[in-house]
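Biologist: Before we go through this model together, I would like to learn how to read its features one at a time, beginning with the general idea and then turning to the case at hand.

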Amino acid sequence: MEKAVEHAIYDTGYGEKPDVSSLLRGELNPTKEMFGSKTYFITDQRGYVYIIEQMAGSFLAENDRRLKLNKTVTTVQWGDHGVIVTTKDGSKYAADYAIVTFSMGVLQDNSIEFVPGLPDWKREAISRVRMAVYTKIYLKFPSKFWDDDANIWYAGERRGYYTVWQNMEAPGLFPSGSHIILVTVVDEEARRVEAQSDQATQAEVMAVLRTMYGAGIPDPTDILVPRWEQDPFFRGSYANWGVGINDEVLHKLQAPVAGRLFFAGDGTGPHFGYLQGAFLEGARVADAIATCVRGGPCEKEYQPPRRGCTCPAAANFDIQATVDDGSCLYTSGGGSIMPFSTSFYLVIFAAFTFNCMV
Ligand SMILES: Cc1cc2nc3c(=O)[nH]c(=O)nc-3n(C[C@H](O)[C@H](O)[C@H](O)COP(=O)(O)OP(=O)(O)OC[C@H]3O[C@@H](n4cnc5c(N)ncnc54)[C@H](O)[C@@H]3O)c2cc1C
């Protein structure tokens, strides 16, 4: 029972087990604070794309020629002067700036060639984001035989083995008479299900349902098993931040390359794994590029944080030294802060041996 509860509450949220997920980022994920903890199951048949279409409609005309659909990017060539994107059909598109929003799974898969290759700091940060696999299996039956509750949990021996069920006929979801039930598997169970035939999955699901509701229940008339990890355009369902991701990794994920190639998506920001995370990250980089184009400051590249300033001279004078953007800040006994550039410091304390490493 304990395994089933933990799996239902944690694993099906993050798409992975707690032991591989970042506690810091996961538990401090600002999504719940900003948007509330209530979750909704959206059954609107217009789908996510409707939201995108409505937003795009505010700045794109009908059949706008600037919008290119069904183009597969194969190469992204970048440099100090701009970006050239090549697609599978041989078309080339040149731009001053580009925003990369492929999923982290696609970036990790190396199916898109970056010329030159992305810098090590960017590739290392990308490699740290985990791509969760979250598989919602829909089954349609000739009649409904399951509970009326919206959520039904099956506590079997094996962790995550067809544990989390949703009654799609619960109030507010599909119309009564749809006879559809949904079971969600994640992580290794999802990968296993993706690798086998739908018939094999159906047999497993029916064995569990017969344990729950008896041998007399009918077979389904239809089954839908998505395969997010096998899909070369996704390579997983959504981003999950693994153990060890900290602010520095976040900065690397968000930083542009050469001031030309910007990165956004559900894996680059603090709302990782959520649609609103992808949206907010898109807005962040669009704003950064717009600011640059309008003559404001331009984000260039990841800047490593200045490491500890070790200044023995500072210790000798009983003052605190911290490093801020290449300059040492010295706090005198009275508490006031005096900024000195390193060169100025050299002149003042030339008589002392010191080593201010930044
Ligand atoms: C089953 C499932 C359930 C989910 N449930 C929720 C939920 O309840 N709430 C929530 O907030 N989020 C949910 N998510 C997550 C949400 O869908 C993602 O966080 C969001 O879609 C990420 O958006 P994105 O733009 O960063 O990446 P994506 O949606 O992955 O978009 C990347 C785009 O890049 C395209 N692409 C990839 N490779 C190429 C190429 N070579 N050339 C051209 N185009 C390419 C892809 O086709 C895709 O359109 C769910 C996801 C899944 C799979």
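The dialogue that follows takes up the chain, its strands, some backbone angles and the ligand shell.

Modeller: Please keep in mind throughout that this is a predicted model.

Biologist: How many helices and strands does the protein chain have, and what percentage of its residues are buried?

Modeller: The secondary structure of the protein chain comes to 12 helices and 16 strands, and buried residues account for 27% of its 358 residues.

Biologist: Which strands form the open sheet, and in what order?

Modeller: The general idea is that strands of a sheet pair through backbone hydrogen bonds, either parallel or antiparallel. Here 5 strands form an open sheet with antiparallel pairing, and their order is β8-β9-β10-β7-β11. Strands β8 (151–153) and β11 (222–224) stand at the edges with a single partner strand each, so one side of each has no neighbour in the sheet. On average, and with direction ignored, neighbouring strands of this sheet are turned by 20° against each other.

Biologist: How many bridges join β9 to β10, and which helices pack on the sheet?

Modeller: Strand β9 (residues 164–167) and strand β10 (residues 180–186) run antiparallel and are joined by 4 bridges, with N167 standing opposite I181 in β10. Helix α7 (residues 187–195) packs on the sheet, where it touches β7 (134–140) and β10, and its direction makes about 110° with that of β10. Helix α8 (residues 198–213) packs on the sheet as well, touching β7, β10 and β11, and its direction makes about 75° with that of β7.

Biologist: Turning to the backbone angles, is the peptide bond from V115 to P116 cis or trans?

Modeller: That peptide bond, from V115 to P116, is cis, with omega near -5°, and P116 lies in the loop between β5 (113–115) and α6 (120–128).

Biologist: Where is Y162 placed, and is Y162 buried or exposed?

Modeller: The loop between β8 and β9 holds Y162, whose phi is near 50°, a positive value in a residue other than glycine. As 20 or more other C-beta atoms within 10 Å is the cut-off for a buried residue, Y162 is buried, because 22 such atoms lie within 10 Å. R235, in the loop between β11 and β12 (238–241), is not a glycine either and has a positive phi of about 55°; with 20 C-beta neighbours inside 10 Å, R235 also counts as buried.

Biologist: Finally, how many residues surround the ligand, and which are the closest?

Modeller: The ligand is surrounded by 21 residues, of which the closest are S237, G265, D266, Y274 and A278. The elements that give two or more residues to this shell are β7 and α10 (275–293), and the largest share, 3 residues, comes from α10. By class, the shell around the ligand has 12 nonpolar, 7 polar and 2 charged residues.

How values were computed: Residues are numbered from 1 along each chain as its sequence is written. This is a predicted model: local features need pLDDT of at least 70, side-chain atom pairs count only at pLDDT 80 or more; totals for chains, interfaces and linings use all residues. Two strands pair if DSSP finds at least two bridges between them. Axes are lines fitted to C-alpha atoms, for helices over the stretch in contact, and angles run from 0 to 180 degrees between N-to-C directions. Two residues are in contact if their C-beta atoms, placed from the backbone, lie within 7 Å. A residue is buried if 20 or more other C-beta atoms lie within 10 Å of its own, exposed if 12 or fewer, and partly exposed in between; C-beta atoms are placed from the backbone. A residue is near a molecule or strand if its C-beta atom, placed from the backbone, lies within 6 Å of it. Ala, Val, Leu, Ile, Met, Phe, Trp, Tyr, Cys and Pro count as nonpolar, Asp, Glu, Lys and Arg as charged, and the others, Gly among them, as polar.
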